[in-house]
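Take a moment with the sequence and the fold before reading on. Then follow the chain step by step.

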Amino acid sequence: TFTSPPPEVFSQGIDMVVEYLARVEMARTTKDLQLVDIGLQSLPSAVLEMDGLQVLNLDGNNIRSLPPAFTRLEYLQEISLQGNPIVALPPEIGTIPGLKELHYDRTVLRNPPAEILDRGLEVTVAFLRRLYDSRFTGVVDVHAMGLDNLVAAEVWPTQIVTPSITKLNFKSNSLTQWPSWMCERVGGNLNSLSLASNQLASLPLVFGMLGGLTKLNLSQNHLKSLPASVADLTALTKLKIANNDFSIVPP
């Protein structure tokens, strides 16, 4: 089946067009597509139609994102995106069950945040899958992912906890603090937050800015007190605080 090259390939002349077509045709047999250094600005539609593709190398192009239809490439085992200005790995990568290798440029990557990437491929792919699911459920579920702390202040409250998110589940991690920017910059649509089974010793003074919360689980931490601003959570209908270190149990 003839596949027309994208415009950015055509603009480089006949030699590049022939090279592109040859690589695509070879990959139909080998299941290994090497589209390296050919000036791509987006993923060609022809790639999404390649049944059984196992290796996709897009190194050295100008690709900034991958399309939602990337989920069609369910047999991929290796993806390489190095040398592209991709600042966020697409959540669609999380839907690929047999992925064994994922190569990217950490110098420009902002999402997933460093605290996820540092835990390796398995956790990174699991995180991307949970982000993908959150588009449909409104729930960001990162429970039991071994998180120590959240440091990517420019990512969590803007790219992950988007306005469509209503529930956050950080249960069973190792968080020692909950950053103030996760109170100040998270949208008012958030109505449920679980920080249970972490290592929290305190909460930020601005915690009360999470005014949309109706459910809050702080159980099994090391909290000695709650900030006064918790009184501003007037929509709260369910609060769990058992198994902390309170010297005086809040009323």
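Predicted model: local features only at pLDDT ≥ 70, side-chain atom pairs only at ≥ 80, totals over all residues.

Residues are numbered from 1 along each chain as its sequence is written, and side-chain values use heavy atoms, with hydrogens and water left out.

Start with the whole chain. Its secondary structure comes to 7 helices and 9 strands. Helices (H or I, at least four residues) and strands (E, at least two) are DSSP runs, numbered from the N terminus. Along its principal axes, the C-alpha trace spans about 75 × 30 × 30 Å. Of the 251 residues in the chain, 46% are buried. Buried means under 20% relative accessible area, exposed means over 50%, and partly exposed is in between (1.4 Å probe, protein chains only).

Now look at the aromatic rings. A pair of aromatic rings is described by the distance of the centres and the angle of the planes. Rings of Phe, Tyr and Trp (its six-membered ring) pair if their centres lie within 6.5 Å; planes under 30 degrees apart count as stacked, over 60 as edge-to-face and the rest as tilted. By this rule the count comes to 4 aromatic pairs. In one of them, the ring centres of Phe127 and Trp156 are 5.9 Å apart and the planes stand at 75 degrees, so the pair is edge-to-face. This pair links distant parts of the chain. Phe127 is in helix H5 (residues 121–137), Trp156 is in helix H6 (residues 156–160), and 29 residues separate them. Both Phe127 and Trp156 are buried. Together with Phe170 and Trp178, Phe127 and Trp156 form one aromatic cluster.

Stay with helix H5 for another pair. Tyr132 and Phe136 are also edge-to-face, 5.3 Å centre to centre, with 65 degrees between the planes. Both lie in helix H5, 4 residues apart, about one turn of the helix. Phe136 is exposed, with a relative accessible area of 62%.

Charges come next. Side chains of opposite charge can pair when their charged atoms come close. A salt bridge is a side-chain nitrogen of Lys or Arg within 4 Å of a carboxyl oxygen of Asp or Glu. The whole structure has 7 salt bridges. One of them joins Arg135 and Glu92 (2.6 Å, N to O). Arg135 lies in helix H5 and Glu92 in the loop between strand E3 (78–80) and strand E4 (101–103), so the pair ties together parts that are 43 residues apart in sequence. Arg135 is partly exposed, with a relative accessible area of 46%. Glu92 is buried, with a relative accessible area of 3%.

Another salt bridge brings together the side chains of Asp148 and Arg119 (2.9 Å, N to O). Asp148 lies in the loop between strand E5 (139–141) and H6, and Arg119 in the loop between H4 and H5, so the pair ties together parts that are 29 residues apart in sequence. Asp148 is partly exposed, with a relative accessible area of 41%. Arg119 also counts as partly exposed, at 34% relative accessibility.

Arg129 pairs with Asp133, the closest N and O atoms being 3.1 Å apart. Arg129 and Asp133 are 4 residues apart, so about one helical turn separates them. Arg129 is partly exposed, with a relative accessible area of 35%. Asp133 counts as partly exposed too, at 28%.

Finish with the backbone. Most residues other than glycine have a negative phi, and most peptide bonds are trans. Where does this chain have a cis peptide bond? The bond from Asn111 to Pro112 is cis, with omega near 5 degrees. Pro112 is in the loop between E4 and H4. Ala144 has a positive phi of about 55 degrees although it is not a glycine. Ala144 is found in the loop between E5 and H6, and at 49% relative accessibility it counts as partly exposed. Ser172 has a positive phi as well, near 60 degrees. Its place is the loop between E6 and helix H7 (181–184), and Ser172 is partly exposed, with a relative accessible area of 34%.
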